[in-house]
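Visitor: I've just opened this one up. Could you walk me through it?

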Amino acid sequence: MRRHIEPTPIHLISKFSLCLALLGVSLTGCNSNSGSSEGQTVNLNGAGSTFVYPVMSRWTSTFSAAHSNIRINYQSIGSGGGVEQVRNGTVDFGASDAPLSDDQLKGMKPVIQIPESAGPVCITYSLPGLDKPIQLSSDAIAGILLGKITSWRDPVLVADNPGVTLPNTKIVVAHRTDGSGTTNAFTTYLAAVSPEWQQKVGKGNAVSWPVGIGGKGSEGVTGIVRQSPGAIGYVELTFAQQNKLPVAAVKNLAGKYVLPGTSSTTAAIAAFTDQLSQDPRISIVNPPASAPDAYPISTLTFLIIPKDGPDMAKRTALKTFIQYVITDGQAAAAALNYAPLPDGVKSYDRQQLQQMTAGGQPVP
């Protein structure tokens, strides 16, 4: 016997269909790729400069705390390594203390170079017993690095430090072994103040050092200086402070011995304001005598960013992070001995960021 099946009332069918429709809209919304980084975890990878590592750590932790869906991993491997990883497409951004030249840019996919802060390359040393910072002229620094000045009681050093009893200790030079923007800034200074250095060694991310012991990264240089009485090396100021190492006051073109710091780096930037507004890649070492408070071994540091990328969510997150770095992040930079960017450079940065694209489409 056939069973009689009552037809489903039309109003129940309508409700069921409406529920399915709403469910479909909900699922579609969850799975859509709208290009926004909200609601999904975005991982950004960067690598490069050890010089910028202290403030980069602060930036990434502060930014990620306010953007819980964006995670930023930065590897402090040296400027040369960071540029190479950008070239190979293995990171989302690099950091370098030396901007890429036009010749270097020819061999890469298009990139954007964003100055993000400035800082002093300080000269640190191990001379137990001295109760005030040692003073160094450009002749003294170049002589030490060329291997011509080998004792802390050399007449050139004695002349730089009147009234100070310097130890009769052998000088041990510590330098970087990796490709480094810090090395680039330091050797650019040496080339500017010493014709002999310019002729024999030159400048760059890596050079053939006449004398000394090599260490990897700023960490390696500070390690050598800490362990070697009489040692001298060049590092970012925060590395010296964290390792409780003294830093030298360096004589500038105004004849004044100036300690590295935020204000003296800002003075160096101010001496090149007009040039920086046209091209922030220019060197700011050895400022003119018209800047008496400027520290003579200062450098801008740069973010190297591929102009285009395939993932809109990642590119949007990266642009948001960089906008934070060049605005609110500047206060954190100042607290860690980096000089904040002048308004003209920040304006340049904002214009450059507008070139960022994802799959050829502008990044909002």
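Guide: Helices (H or I, at least four residues) and strands (E, at least two) are DSSP runs, numbered from the N terminus. This is a predicted model, where local features need pLDDT of at least 70, side-chain atom pairs count only at pLDDT 80 or more, and totals for chains, interfaces and linings use all residues. Residues are numbered from 1 along each chain as its sequence is written, and side-chain values use heavy atoms, leaving out hydrogens and water.

Visitor: At roughly what angle do the axes of α5 and α7 cross?

Guide: Helix α5 covers residues 138-145 and helix α7 covers 181-193. They're roughly perpendicular to each other (65 to 115 degrees counts as that). Their axes come within 10 Å and cross at roughly 115°.

Visitor: Which residues in α7 does α5 meet?

Guide: Contact here means heavy atoms within 4.5 Å. From α5, Ser138, Ile141, Ala142 and Leu145 take part. Their partners in α7 are Phe186, Tyr189, Leu190 and Val193.

Visitor: How many bridges pair β1 with β2?

Guide: Two strands pair if DSSP finds at least two bridges between them. β2 is residues 70-76, and its Tyr74 stands opposite Gly46. The pairing is parallel, over 7 bridges.

Notes: Axes fitted to C-alpha atoms, helices over the stretch in contact; angles between N-to-C directions. Parallel < 35°, antiparallel > 145°, perpendicular 65-115°, else oblique.
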